[in-house]
Amino acid sequence: MSLPPALPGPVLPSAAPAPAPSDKPAGLDFDFFEPENAAALGANSAEKISNASDLSKKRRHRLETHQLLGLGTWAFMAASCIIGQLNYNDLYGGGSGRGSYMMPHRLLVYSTAGLFTATGIYALLAPQPYKKPLKFDTGLLHRVAAIGATAGMVAEVVLGFITARTADSGNGSGLKQMAQIHDAVGWTTFGFMTIAGTAWLF
């Protein structure tokens with residue numbers, strides 16, 4: 001008895017076609033412009049760091065000058081308030097009424113206003129190399145107190161000018177009340193300056 005013919009086996013898929021040969025040698029598949037771009041980015045980063053360093057140096061110098069001028073302004077403001085109080089007591093508090101303190105008070109006020117202006121200019125011209133988020137700290141307290149001192153200084157100069165012109169004109173109506181307000185604003189401004197200076201130092 002003869003055996004039946006063998007059945008054909010399953011057809012196996014042929015192996016995957018070999019990849020086409022690349023024109024580029026192995027290991028050299030890269031973007032020819034990448035090194036140049038990387039170099040450019042590195043140069044930009046170095047330039048930014050250099051600029052930030054220069055701005056930081058300028059900021060430090062100007063803020064140090066701002067601090068020295070601020071301390072000088074504080075001392076002149078203290079003297080202005082003391083002499084101003086003596087002037088008020090002399091004219092409206094039962095003193096001699098001779099006005100012996102008027103001229104020294106005016107000179108001190110003018111000097112204080114000039115120093116205060118220079119102090120503020122140095123602070124405004126200090127560059128900011130890095131973005132700093134707004135948060136409650138001594139820096140923010142210093143800024144708030146400085147704004148209050150600025151408003152007080154402007155009001156003090158205006159009130160002092162009006163009071164002096166009213167007194168020079170011989171019109172005594174409401175003169176004592178204006179002098180009282182001028183005196184109170186002066187001490188309040190000095191208080192704001194003290195807070196600003198304390199926050200800056202500590």
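Here is a short chat about how the labels on this predicted model were reached.

User: What secondary structure does the chain have, and what pattern does the chain follow along the sequence?

Analyst: The chain comes to four helices and zero strands. Reading along the sequence, you get α-α-α-α.

User: Why are α3 and α4 called roughly antiparallel?

Analyst: Start with the angle. Helix α3 (residues 138-168) and helix α4 (residues 175-201) have axes that cross at roughly 155 degrees and come within 8 Å. That makes α3 roughly antiparallel to α4, because the label applies to angles over 145 degrees. As for handedness, the crossing of α3 and α4 is left-handed.

User: What kinds of residues make up the contact of α3 with α4?

Analyst: By class, there are 20 nonpolar, ten polar and one charged residues in that contact.

User: How do you know that α2 and α3 are roughly antiparallel?

Analyst: The axes of α2 and α3 are 11 Å apart, and the two helices pack at an angle of about 150 degrees. The cut-off is over 145 degrees, so α2 and α3 count as roughly antiparallel to each other. The crossing of α2 and α3 is left-handed.

User: Why give both an angle and a distance?

Analyst: Because two packed helices are described by the angle between their axes and the distance between the axes.

User: What makes Ala118 partly exposed?

Analyst: Ala118 sits in helix α2, and its relative accessible area is 26%. Buried means under 20% and exposed means over 50%, so Ala118, at 26%, is partly exposed.

User: How far is Ala118 from His66, in sequence and in space?

Analyst: Ala118 and His66 are 52 residues apart in sequence, and their C-alpha atoms are 8.0 Å apart in space.

User: Why is Ala75 called partly exposed?

Analyst: Ala75 is in helix α1, with a relative accessibility of 40%. Partly exposed covers what lies between the buried cut-off, under 20%, and the exposed one, over 50%, so Ala75 gets that label. Its C-alpha atom is separated by 9.6 Å from that of Phe190, 115 residues away along the chain.

User: How much of the chain counts as buried?

Analyst: Of its 202 residues, 23% count as buried. The label goes to residues under 20% relative accessible area.

User: What is the volume of the largest pocket, and which residues are closest to its centre?

Analyst: The largest pocket holds about 930 Å³ of space. It is lined by 33 residues, and the closest to its centre are His66, Ala123, His142, Ala146 and Trp200. By class, the lining divides into 16 nonpolar, 14 polar and three charged residues.

User: What about the second largest pocket?

Analyst: That pocket has a volume of about 570 Å³. Of the 30 residues that line the second largest pocket, Asn87, His105, Arg106, Gly160 and His182 are the closest to its centre. Here too, α1, α2, α3 and α4 each supply at least two lining residues. Sorted by class, the lining has 15 nonpolar, eleven polar and four charged residues.

How values were computed: Residues numbered from 1 in each chain as written. Predicted model: local features only at pLDDT ≥ 70, side-chain atom pairs only at ≥ 80, totals over all residues. Heavy atoms only, no water. Axes fitted to C-alpha atoms, helices over the stretch in contact; angles between N-to-C directions. Parallel < 35°, antiparallel > 145°, perpendicular 65-115°, else oblique. Left-handed = near helix turned anticlockwise from the far one by under 90°. Nonpolar A, V, L, I, M, F, W, Y, C, P; charged D, E, K, R; others polar. 1 Å grid on protein atoms, 1.4 Å probe; cavity = no way out; pocket = protein on both sides within 12 Å on 5 of 7 lines; lining within 4 Å. Points joined across faces, edges and corners; volume = space filled by probe spheres on them. Buried < 20%, exposed > 50% of the residue type's maximum accessible area, 1.4 Å probe, protein only.
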